[in-house]
Amino acid sequence: MAARLRVALAAVVLAVVTPWVSALTAQAVEDSGLEVGRRAYELSDYEKAVKVLQDAAAKNPRNGEVFLLLAKSHFELRQFDAAIANIERAIAVAPENSVYHEWLGRSFGEKASKSSWFSALSLARKAQQEFETAVRLNPKNYSAVQALIEFDCAAPGIAGGGEDKALPKIERLAAMDEAEGHYAAGNCRRQKKDYPAADAEFDKALVNAKSPELIFDIGDYALKRNQPRRLLAVVDAGHKVSPGDPRANFYRAAALILQKQKPDEAESLLREYLNTAPRRTGYPRPALAHDWLGRLFENQNNRDAAAREYATSLHVDPKDKTAQEALRRLGKG
């Protein structure tokens with residue numbers, strides 16, 4: 001009887017444990033696919049990320065994080081329809097997730113920027129609705145709040161925008177986070193081309209900014225305005241909040257080039273940026289880094305080296321007008 005009891009108990013344990021082990025194995029496979037996809041995304045290998053994440057999504061269509069990363073990968077590939085479809089699947093899994101609605105808004109917004117006027121109007125309204133939903137679900141999702149304020153400041157009234165709608169949101173945001181409020185106010189003034197007011201607000205934002213994306217977007221503004229002092233303030237703020245972020249190298253190099261100082265350091269920083277920075281929205285494009293190398297060499301009257309950098313920029317981005325104009329200026333166009 002004892003032997004039979006042991007056999008029976010073993011059968012019961014096996015019946016209970018086997019599904020549990022199978023579930024753990026399936027979860028491990030799913031997690032592995034998500035992590036492999038995330039590593040590919042971080043390395044800017046978006047094609048690989050899409051392939052891996054599509055497989056992971058097929059194995060478990062209830063994992064919203066897989067669909068979010070899949071949408072972000074398509075977003076970086078400028079495949080906005082696919083990005084929208086996947087983030088909508090994430091929302092179907094978790095409709096109360098603020099970040100998912102924010103990314104659907106961003107995807108609608110980017111698609112709108114590439115669409116005809118009539119289609120763009122409809123897409124812009126959808127973007128606004130998604131940003132509003134994201135903020136309602138999480139009022140401290142500051143990137144969603146910033147996106148909604150930027151929409152209000154930039155979009156015409158016919159699309160649902162208007163600065164009058166933005167101002168109360170800026171006040172509420174400033175009450176929660178002073179630096180975010182100053183950035184939002186500066187960004188709104190930037191949309192209206194009121195640059196002195198934008199300068200003042202951005203300087204205040206940099207004092208206590210906590211978001212690398214906020215800080216380095218101010219860097220992009222300062223770059224376009226040829227403001228070396230503000231670029232160096234961006235670098236300092238970036239080092240405090242996100243040590244090792246490659247964007248600090250880029251903006252410091254640009255500041256040195258504008259000041260015509262330390263050309264060897266500037267070149268080294270730009271080369272390092274090109275070797276380490278992801279190819280991603282929010283990071284200066286590789287073509288832009290080559291444009292600044294070209295400008296560095298022009299400062300040194302090294303026309304051949306400058307032309308090589310501008311030609312490389314055009315190879316990376318055939319539509320780069322800065323490189324096209326520079327090559328014509330150098331007689332190499």
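Which residue lies over the face of Tyr283? It is Arg247, at 4.0 Å from the ring centre.

**View 1. Arg247 sits over the ring of Tyr283.** A charge counts as over a ring if NZ of Lys or CZ of Arg is within 6 Å of the ring centre and within 35 degrees of the ring normal. This is a predicted model, where local features need pLDDT of at least 70, side-chain atom pairs count only at pLDDT 80 or more, and totals for chains, interfaces and linings use all residues. Residues are numbered from 1 along each chain as its sequence is written, and side-chain values use heavy atoms, leaving out hydrogens and water.

**View 2. Tyr41 and Tyr46 form an edge-to-face pair.** The whole structure holds 9 aromatic pairs. Rings of Phe, Tyr and Trp (its six-membered ring) pair if their centres lie within 6.5 Å, with planes under 30 degrees apart called stacked, over 60 edge-to-face and the rest tilted. Here the centres are 5.4 Å apart and the planes at 70°. Both Tyr41 and Tyr46 are buried (under 20% relative accessible area; exposed is over 50%, partly exposed in between; 1.4 Å probe, protein chains only).

**View 3. Phe216 and Tyr251 are stacked.** Their ring centres lie 6.1 Å apart, with planes at 15°. Phe216 belongs to helix 11 (residues 212-224) and Tyr251 to helix 13 (residues 246-259), so the pair ties together parts 35 residues apart in sequence. Helices are DSSP runs (H or I, at least four residues), numbered from the N terminus. Phe216 is buried at 2% relative accessibility, and Tyr251 is buried at 2%.

**View 4. Ring pairs join Tyr183, Tyr195, Phe202 and Tyr221 into a cluster.** Over the face of Tyr195 lies Arg225, at 3.8 Å from the ring centre.

Definitions and conventions. Helices (H or I, at least four residues) and strands (E, at least two) are DSSP runs, numbered from the N terminus.
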